[in-house]
Amino acid sequence: MRYFIECAYLGTNYAGWQIQPNAMTVQEEIEKALTILLKEPTSLMGSSRTDAGVHAYTQVAQFDRENPISDISQLVYRLNKILSQNIYIKQIYLVPDDFHCRFEATFRKYEYRILRRKSPFYQNMAYQFEMPLDVLKMNEAAQILFKYEDFECFSKLHTDVKTFNCTIMEAEWRQESDDILVFHIKANRFLRGMVRAIVGTLLEVGLGKLSVQGFEKIITDKNRQNAGRSVPAQGLFLMEVNYEL
């Protein structure tokens, strides 16, 4: 029997979602809690592999077991009791045995949050960037993302993937408040480091260091070294993973 588990987490103190040697990860902490409460070894497969310091409003993972869970709501309650304050289990639900949280996702949505002036409240949940930005130009450049599918230029180097193709469904900067500027992006899939590289390159446009035409040329040249820097992890949030169940 296959179950999906939805969780949210503050990624500040974690080395990312995925289990790795000699590092504390979100996946490992939830797996340990599930193993204790279900009284059998329980491993998770995540829908996305968020990097160190990246947060999730909604992350989805799956686990399998032979017997049904007798009281799912009680399991969710007990998980939230023993997990750290940085992780919250939203819900657990049964899915078809062959339904896969990574491959069946129709889209994923991320937000990248920029803090426009110093604040003591957002230091681990936004990137403080106070230089003047031309947000209209940044949005003009963001629209170019809809014209293309190959985003090798925004992928981490030496990434083992079969294709660099992604279908962008949303890409827009919005001024959420006087202090917070947010980049919203949605796609059927994302490459490693893709969102942070796109944001870093769009900031170059906003600063006037890169033209909109230059942004498009970076995409067509397919060279990561031509794109902007990868912005810090603390501003990135995995917001939604969508399925058609």
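**Ground rules.** I number residues from 1 along each chain as its sequence is written, and my side-chain values use heavy atoms, with hydrogens and water left out. Because the model is predicted, I ask for pLDDT of at least 70 for local features and count side-chain atom pairs only at pLDDT 80 or more, while totals for chains, interfaces and linings use all residues.

**Cysteines.** I searched the whole structure for disulfides (a pair of cysteine sulfur atoms within 2.5 Å) and found 0. I then looked at Cys101: its closest cysteine sulfur is in Cys7, 11 Å away, so the pair is too far apart for a bond. Cys101 has a relative accessible area of 0% and is buried (under 20% relative accessible area; exposed is over 50%, partly exposed in between, with a 1.4 Å probe and protein chains only). Next came Cys166, whose sulfur lies 10 Å from the closest cysteine sulfur, that of Cys153, again too far for a bond. Cys166 is buried as well, at 1% relative accessibility.

**Positive phi.** A reminder to myself: most residues other than glycine have a negative phi. Lys39 has a positive phi near 60°. I find Lys39 in the loop between helix H1 (26–38) and strand E2 (45–46); helices (H or I, at least four residues) and strands (E, at least two) are DSSP runs, numbered from the N terminus. Lys39 is exposed, at 70% relative accessibility.

Lys222 is not a glycine either, yet its phi is positive, about 60°. Lys222 sits in the loop between helix H5 (212–221) and strand E9 (236–242), and at 40% relative accessibility I log Lys222 as partly exposed.
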